[in-house]
Structures are given as structure tokens and as C-alpha cells.
Amino acid sequence: MSQPTIESILQEHRLFHPSAEFSQKAQIKSLDEYHRLYEEANADPQAFWARLAETELHWFQKWDTVLDWQPPFAKWFVNGKLNISYNCLDRHLTTWRRNKAALIWEGEPGDSRTLTYAQLHREVCQFANALKHLGVQKGDRVGLYMPMIPEAAIAMLACARVGAAHTVVFGGFSAEALRDRLVDGQAKVVVTADGGWRKDAIVPLKEQVDKALADGSVPSVTHTLVVKRTGQETHMQGDRDHWWHDLQKQVSADCPAEPMGSEDLLFILYTSGSTGKPKGVVHTTGGYNLYSHITTKWIFDLQDTDVYWCTADVGWITGHSYIVYGPLSNGATTVMYEGAPRASNPGCFWDVIEKHGVNIFYTAPTAIRAFIKMGDEHPKARDLSSLRLLGTVGEPINPEAWIWYQQVIGGGRCPIVDTWWQTETGGIMITALPGAIPTKPGSATLPFPGILADVIDLEGNSVGVNEGGYLAVRHPWPGMMRTVYGDPDRFRRIYWEHIPPKEGQYLYFAGDGARRDEDGYFWVMGRVDDVINVAGHRLGTMEIESALVSHPAVAEAAVVGKPDELKGQDIVAFVTLEGTYSPSDALLKELKQHVVNEIGAIARPGEIRFAEALPKTRSGKIMRRLLRDLASGVEISSDTSTLEDRSVLEKLREG
């Protein structure tokens, strides 16, 4: 593993302060208040988290130990009992929120549905009883392979209600990827739908489930439950398959929430690596409930009147924490959208914001860059005046896209929370608190209170100001993953042994390179393997990508390194162009010189390849490891199960 002494030459000095009006009404109102919270958490982390756990959540039984830390294994709120479904639903029913909209759903073909907290509670209780009817018990695992429909959230909450762990598999995964996850998690039941809508087409989900379960390849699965969503003819197998609506009619709507131990398994969520089988990230009940709750409340500055929309899929951790559990635990109104921006409806996101009066909008930089390419005319044709806060998630955002987002979507009035976190962290780790922390385009800003983040070298020492290093966390936090399911040695090896423990102190290694500037702001430079060593100079791919995207011709860029006998590595850039530009030798030379002007001659790409589109995961992340293989001319052998559109890869190969 190379040392990412990233030289940041792309300096970003613009500073955006929240308005006085925003700060005055915010959950956290000033930089001084943020610093007080941070120092309180730093001085006594256990007391800080215990205070929040007591005031923010409902407990059936209080814990007797706040933190049991046996590095690298943590237990939080030991012997405490609670239920996250109760915290998301039941406790709101005795308040005015009972008849408040809990979930607003917008379907791809244009259908809509709104569930109040009372209605959502009833449906969750019914489905929890349906699971019990099929023999699901506390401690069992349930696989969910769902489109973005209310039943996905209902199934998650129902599993949590009865004490069964859910493992949500994104509805775009192949049958093989689904099977591998069901086998690893030993799922007892699978919940799916006949199909789901994706960019004007039906994705046949039940058909994929049948393939995954064929020939008894997942022997642990005894039943499947199927939501009738798209209505096409669907094969139903004997005693194994059941229609959701049929079972719902047969069961009671009375299902008390099961008191769960704080460390009882809540869910397993699988992440793909470049090699090896997917990792089953384990999250447990109490710490995750608290961390998803308080980060949602403070980072998105939730007010009781807000309509909040995170555009992720529930198949990813962002959907778990910031569509379902975090917002509902706070009693918020959360929006779920089945669709995606597409050629037939490039303004669909703005339609949803206008229709439902969305106040808080949380999406990915990849989506923002796609919006830029589609043109300003689409958002400008809608009324987006309801927006008061914007957020980004998934990867670092280049400054030019940040500015466009702030100006065109936010009308120059909305703070932006640029959030850094991972499936493994359970919730957001580094971000602005929007009423308190001034923002810099491209920087995730400061750690959340209670998160002791640092930029370190290979020996675990903090590096200097604006020196590149490894992003690490020095103290456990409630939302952290507990282990890799069934493989604690892999957990220890991947996350805790890259940086050898010093004097017994273990450091969580995030796998990202970063730097910290003179104001203490964190600049995340991407994965460590996305650092290019050119003739002894280590350059963050994010910096070169930002330089390319700042050129008016470039809509999106992905930069990778390829082996070079002379330099060690050379820089290869894949770029997509704005609609009015076409590939040419003159533009190629102009872009190379533009990078030199922005960064310096050392960052000049050796090669620029024009592309119609870039290979992305279904959650919108550019798959740079595939581009590295293409650039190096080697056979692609790593996992492509998360690739959204395989034709993109084929066109790049041909090109």
C-alpha cells in the first residue's frame, strides 16, 4: 500500500457562510456551539453518547455499560433493550405526529402514495405478523430484493419489529449476486416484487429470485413473499411463494415490538470489493439507531415541517440510514422515489421537488454532474423555492459541480452539506452542520461531534497541514460496523491492521486518502488506490478530475493510473462532453493544457479518452477499477456485479 502524500495544488479558497436567518432557526446555531459539542464529546465520549441515547431514543430497559471496547470489537449500551421499529413508529403515535405524513412515495409511471405514521405502523405490524406466520423468529435473517416502493421500507421495519435481521440486496443485482448474499447470510425468507420500474422499463425481480433459488442452491430459504407491483404474469411456486397482499389479509394489525438487546443483529449489508467475495457488514440495534437518528437530526437540520428527500436506493446504506431509519426515528416526512433521471424525463427530480414541496434534498455528485449535462433549462422550468438545504453523498464533489448545485438548484440561498461516510460507519462522519459551519466547495469540512477523525501516515502519526495521508478514526463511535458477518478475522485485517496498533490504540482505516487544511477542514481525495504516483509525485485523482470538469466542455471525468516504465505510472483520463461539444484533436490538446494550467505540468494526462458514458455502479459511483484495467490493457477480472450498464464497458473496450 503506497503512502498517499497527496500534493494539493488545486486550492479552493471560496467560503460560504450560512445566512443569519438559517442559523437562527437551526438545530446547531453557531460555530461556537459546534465546538462546544465537539469538545464535550472529546473530553468524555461515553458521557456524550449516553446523554444523547437517553434523551433521543426510547428504551425498554436502560443499559448498564455505555461502551465495552475490546479492540477492534465494540459493544455499545450493553444490556440495554430497545426496538428501532418502535422508535421509528410507535413512539410518534401518542403525539400530533400520528396523522403526519411519514412516507411520501412517488412511483416511476406517475402513481403516488402517502402513508401517515398511523398507517405505516399498521402496515408494518401486519407484515411483521405475516413474517411470523411463515415461521420467521427473532435472530433469523430475511433477504429483501425490492424496487423502490413503500413495501421495501415496510419490510425493513417489520423485520426489525420481530427481531429478524434484514439483508437488503439492491434490485439491480444479478441472480448470481443475489444468491451469493442469501447463501452467506443464510436467509430464511426472501421478500421481493413481481417487478420494478427502472428508466421506463420493467425489471423482472421475481424472475431473478427464481433463478437465484433454482435447484435448491439456497437451501436455507423456505418462503418468498411477492409484492404485485408491475402486474406482468409471474410464476408462483407451490407452497414456497406467497403474494404479499394475500398474506396481509390473513393477519392481525396488532404486533408489539420485540425488545431487542442493544447489540442484537439489526441488518447485514453487503459491499463489493475489487477481489474476493462481498463483505457482509454487520450493524446492531442500539448504536446504529442512535447514530442514524442524531446525524439525520443535526446534519439535515430537521424541522417538524420539513419534507425531506434522499434520492438513494434502500439497497444501499444511504437508503437504510437516511431514507428509512434516521428520518422516521426523528418523526420526519421522508420521500421515496422509484424512478431515475432519464432521456424521456430529464426533469423528473425537479418535478418531485415541486410537487411535494421538498425542503431538504440529498443526492450524489454523479447525479449532479448528469443534471449539469442535461441543461439548466430543466430545473429552471420548475419551482424549487421550497428547498432550504442541499446535500451530497457517495464520493467527493468537484468544486465546479458544487457551485452549480448551490446556484442553479439552491438559488444561492441553500447551504450544502457535503458528507463523507461509508457502509461500515453506519452514518455520516465528516460534514458541515449547516447552521454552524461555513462551507468550502469540495471539502467535507469538519468531523461530526464524537468522531475523532485524523489524517495519518503509515505509522499512525498525524501528518501536517495540507499534507496527504490516510483518513482514519481514533475512537469507536456508536454507528460503527461490528464485524464482517461470519468472518471476524477479515474485519480485523481489512479495517484495523493496515495501520499497526500503537501502545494498544487501534485506528479504523477508512481506505481513503485525505488532507486537512489550515482551518482543520478535511478534503477527501478518494480511495487510496486512486492515488497516482507520477515520477515520484503522488497526485489525487480527484484533483485532476476537478481540473478537467472545470473546463466548459467536460461534463464528467474519471482519472486512473496505468503502468509506465519511465514514470512508474501515467495519467489516463476518461471524459464525457457537454452536449454542444464534440471530440477532436484540438479539444484533446486543449484539455491537457487546461490541466497543466490548473495544477501543473506534472499532472498533464498522458492520454485522454472521450466516452459517451462512464461505467458506474447502480448507486452512481464511477467504477474506476474497471477503467484502470481498460487503461492498462489487461483483462477485466474483478467483480462487475454492481455495474449498472454493461454496454458502457463494451463501448469503451471497442473505443
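What is the order of the strands in the open sheet of four strands? The order is β23-β24-β25-β26, with antiparallel pairing.

This is a predicted model, in which local features need pLDDT of at least 70, side-chain atom pairs count only at pLDDT 80 or more, and totals for chains, interfaces and linings use all residues. Residues are numbered from 1 along each chain as its sequence is written, and side-chain values use heavy atoms, leaving out hydrogens and water.

**The sheet**

Strands (E, at least two residues) and helices (H or I, at least four) are DSSP runs, numbered from the N terminus. Two strands pair if DSSP finds at least two bridges between them. Strands β23 (453-456) and β26 stand at the edges of the sheet. Each has a single partner strand, so one side of each is left without a neighbour in the sheet. From one strand to the next, the twist averages 45°. For such angles, axes are lines fitted to C-alpha atoms, for helices over the stretch in contact, and the angles run from 0 to 180 degrees between N-to-C directions.

Now take β25 (residues 508-516). Eight of its nine residues are buried, so β25 is largely enclosed by the rest of the structure. Buried means under 20% relative accessible area, exposed over 50%, and partly exposed in between (1.4 Å probe, protein chains only). Four bridges join β25 to β24 (residues 469-473), and the two run antiparallel. Here glycine 469 stands opposite alanine 514. Five bridges join β25 to β26 (residues 522-527), again antiparallel. Glycine 513 has glycine 526 in β26 as its bridge partner. β25 and β26 form a hairpin, with five residues between them. In the turn, glycine 520 has a positive phi of about 80°.

**Serine 443**

Serine 443 sits in the loop between β21 (430-431) and β22 (446-447). Serine 443 is buried, at 2% relative accessible area. A polar atom of its side chain lies 2.8 Å from the backbone oxygen of phenylalanine 522. Leaving aside residues up to four places away in sequence, serine 443 touches Asp418, Tyr521, Phe522 and Trp523. Contact means heavy atoms within 4.5 Å.

**Backbone details in loops**

A cis peptide bond joins proline 71 and proline 72, with omega about 0°. Proline 72 is in the loop between β1 (65-70) and β2 (73-78).

Notes. A polar contact is a pair of N or O atoms within 3.5 Å; within protein, one must be able to donate a hydrogen and the other to accept it, and residues adjacent in sequence count only if both atoms are side-chain atoms.
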